[in-house]
Amino acid sequence: MRAVRFSVVTAAATVAALTAVTGCAEKSDGKGEGAVQVIAKDDSCELSKTKLPAGHVELAVQNKGSKVTEVYVLFPDDRIVAERENIGPGTKATITAEIKAGSYEIACKPGMKGHGIRQKLEVSGGTAAKRSPEMDKAVAAYRTYVQDQADETLPKAKLFTDAVAAGDIEAAKKVYADSRLGWERTEPVAESFGDIDPKVDVREDGLEDGQKWTGWHRLEKALWQDKKLGAEEKALAPTLYKDLLDWQKRVGTAEITPTSMANGAKELLDEVATGKVTGEEERYSHTDLIDFKGNVEGAEKSYELLKPIASKNDAALAATLDKRFAELNKLLDKYRKDKTSYEFTSYEKVGKADRKELSDAVNALAEPLSRLAAAVTK
Amino acid sequence: MSEKTQNTAAADGNTEGADAGVPDSGAPSSQGPGRAPSRRALLGWGGAGLALGAVAAGSAVAAVRSDDTRVPAADSGAAVPFHGAHQAGIATAVQDRLHFAAFDVTTKDRAELVALLKEWTRAAERMTAGHAVGDGAYGGLPEAPPDDTGEALGLKPSRLTLTIGFGPSLFAKGRFGLADRRPDALVDLPKFPGDNLDAARSGGDLCVQACADDPQVAVHAIRNLARIGMGRTAIRWSQLGFGKTSSTTPDAQTPRNMMGFKDGTRNIAGTDTAALDEHVWVGGKDRAGWMTGGSYLVARRIRMHIETWDRAPLQEQEDVFGRDKGEGAPVGKAKERDEPFLKAMLPTAHVRLAHPDTNDGATILRRGYSFTDGTDGLGRLDAGLFFLAYQRDTRKAFVPLQRRLAAHDALNAYIQHVGSAHFAVPPGVRDKDDWWGRALFT
């Protein structure tokens, strides 16, 4: 956990004033002239028109399917322009947004999950912001990754928080590290929502005066150090789940750019360098190496998506990064049973010399990784 | 060679000062078994020293008098030329501050190591000239970290020298194909009695000695080299030093070590080409191939038991060294630079044991620094001497010298060697196309 870094990944709310487009979902009858009719079914998402003039846009949604659905208007990089959730079967809803010229996508998500059924929407007139399709592609893919990580985390978090709430220490310990993996993989984005991180991932020494200690590490201490789950801990479990639900809902709105992806990758390694390699992050459970792996995987995902751009601009850097990622992953493999397992050696059993070796390998990767942002903006 | 014209110390010197030793090595005792010589004994030897002082002038060791060789110290802001037949930072007039770093080479790829040495050389050229590394510390892409870390911006070159060395482990079989190029003189140092070496403060595949008159300049240099090296090397240990403990500029006051004694009165002068050739630079007839023009560096972290030393009586302190505390004169003599008469000193006196006359002429060039790394967990000052000695052949210089000191030196009751490393220091970088270690790798 750490303070929000606005320089890197910024929550959409923070930059709303700066973006070209603002969106909002509001209740209206959806009968405005020029409204786009959206018929959402379980296996389709039909639009009455796919070309619109820039300006005020209204979507009139009808859910003709059997599942609760949600509808999104998305930027080319998958950031949310506007959205409406909880549209029950047989009900209607309206979404409005101010949209500048450019290419967008409408996504209907029957069952309110997944990538959704996508339709293109072209908006013309005025001045369209010039965008690089390959950058949009990288950002969109990363946004999907971030959302997927959050989506996959919630059921795991549920297992964990349910076990804590039920007072089942052994069951809770078993799924603790796994419940954090998705968060660790996407930490810079997750931290960009400044209010969520202090609730779910703060460590005791990171608390401000008067701040109540909640979240994973509070429960980690109860499970491993206090070895008991009292009423307070049991009550904190559903709070953690609720806070993570909030993260899952908002993660798609994060402002992500190619440079924030690149620097976010570097920051994931920073997380390792300052928290994991020292054993501070998981001081009671000693599951630091799982977080470590998660951080590296998240960084590698960013890098992979940016690599087509980076290798064009700086082939030598890309070659170095390929090598260093491989070396670090190989080193980490020494600490797990096989390459698919997320059961890593307890960090208290990793000796001083081995920790130094891990630290050196992190520096070896993080230093060239810090030059990735320059390589994608050249 | 201009950087070497500043050294003007007398030429008979050796490791006086707390340069070496072993604790509790069975020296005669004043305060109990295994401690320093008895007061009575000390006084006796002191008396002998006074009595014999008159005949000391005939000492066989030729001294280059400071008056004859005095050269003004360079402006402390000046730049020391990086290129030359020998690396700067050895015979160069000793600067005020040190940042010494030992590195492990983490890459297994010889080409990567060579590329690193080239990059380091180019960065060293820039930094010793007072320039920032690469594209500098500002003005670049806002999204990327700058090439240079920036803390030396606006500071003068401060006579920064950067000196590289190669440790024995670099030559290990199966590493970089250097096994048959390991110089014979680059021995694995023997275990000396009393050593309490911490592996985390010992050894290293590479070392870089950064000396400068401004500590920030020295720290900046190592920090940037470490950063450039990441992925290929990693710092194994490093040491900051202040208060040079070896005078090479007798026109200035001889500095004192952490025990309060003038240290480095006698040392090889940077101007004394003959002595340097004889004792410091590896010569052509040594048949050392790529090491010709280089030298061998021994680095020892010598912890001083400051608190017990400070409780030692003045007479004992003076007799442990074989010099007086105020003037720094050898036993029985009046002036610091008076020729020592060794037999006037206790057989366990540090100066006597370290003197070339006691060691078949073995002579080293010292550039050690004091260090204080705060306090240890027991509230004791973590301080001492970071001993640095250059020599033509370690087997003939440091090893026998330290053997003698470790066995007999009265100073051992107050010091302990806790870190140790040995490096082959290659010859100088000739020009802009040359690089550190080229002769070894090509």
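A salt bridge is taken here as a side-chain nitrogen of Lys or Arg within 4 Å of a carboxyl oxygen of Asp or Glu. By this criterion, 3 salt bridges are counted between chain A and chain B of the predicted model. In one of them, the side chains of B:E112 and A:K323 meet with an N to O distance of 2.6 Å. The side of chain A that touches chain B draws at least two residues from each of helix 8 (258-276), helix 10 (315-333), helix 11 and helix 12 (372-377) of chain A, and helix 11 of chain A supplies the largest share, 5 residues.

In total, 13 residues of chain A are in contact with 14 residues of chain B, and the area buried between the two chains is about 1,100 Å², with 54% given by carbon and sulfur atoms. Within chain A, the most area is lost to chain B by A:R324, A:K356 and A:E367, which together account for 36% of what that side buries.

Helix 4 of chain B (residues 215-229) comprises 15 residues and reaches 21 Å from its first C-alpha to its last, close to the 21 Å expected. Because 11 of its 15 residues are buried, helix 4 of chain B is largely enclosed by the rest of the structure. The buried residues, including B:V217, B:I222 and B:L225, pack against helix 11 (352-369) of chain A as well as strands 1 to 4 and helix 3 (110-128) of chain B. At the start of helix 4 of chain B, a side-chain oxygen of B:D214 comes within 2.8 Å of the backbone nitrogen of B:Q216, whereas the helix is followed by B:G231, with a positive phi near 95 degrees.

Terms used
Residues are numbered from 1 along each chain as its sequence is written. Chains are lettered from A and ligands numbered from 1 in the order in which they are written. This is a predicted model: local features need pLDDT of at least 70, side-chain atom pairs count only at pLDDT 80 or more; totals for chains, interfaces and linings use all residues. Side-chain values use heavy atoms; hydrogens and water are left out. Helices (H or I, at least four residues) and strands (E, at least two) are DSSP runs, numbered from the N terminus. The expected span of a helix is 1.5 Å times one less than its number of residues. Buried means under 20% relative accessible area, exposed over 50%, partly exposed in between (1.4 Å probe, protein chains only). Contact means heavy atoms within 4.5 Å. A polar contact is a pair of N or O atoms within 3.5 Å; within protein, one must be able to donate a hydrogen and the other to accept it, and residues adjacent in sequence count only if both atoms are side-chain atoms. Buried area is the accessible area (1.4 Å probe) that two parts lose on being put together, summed over both.
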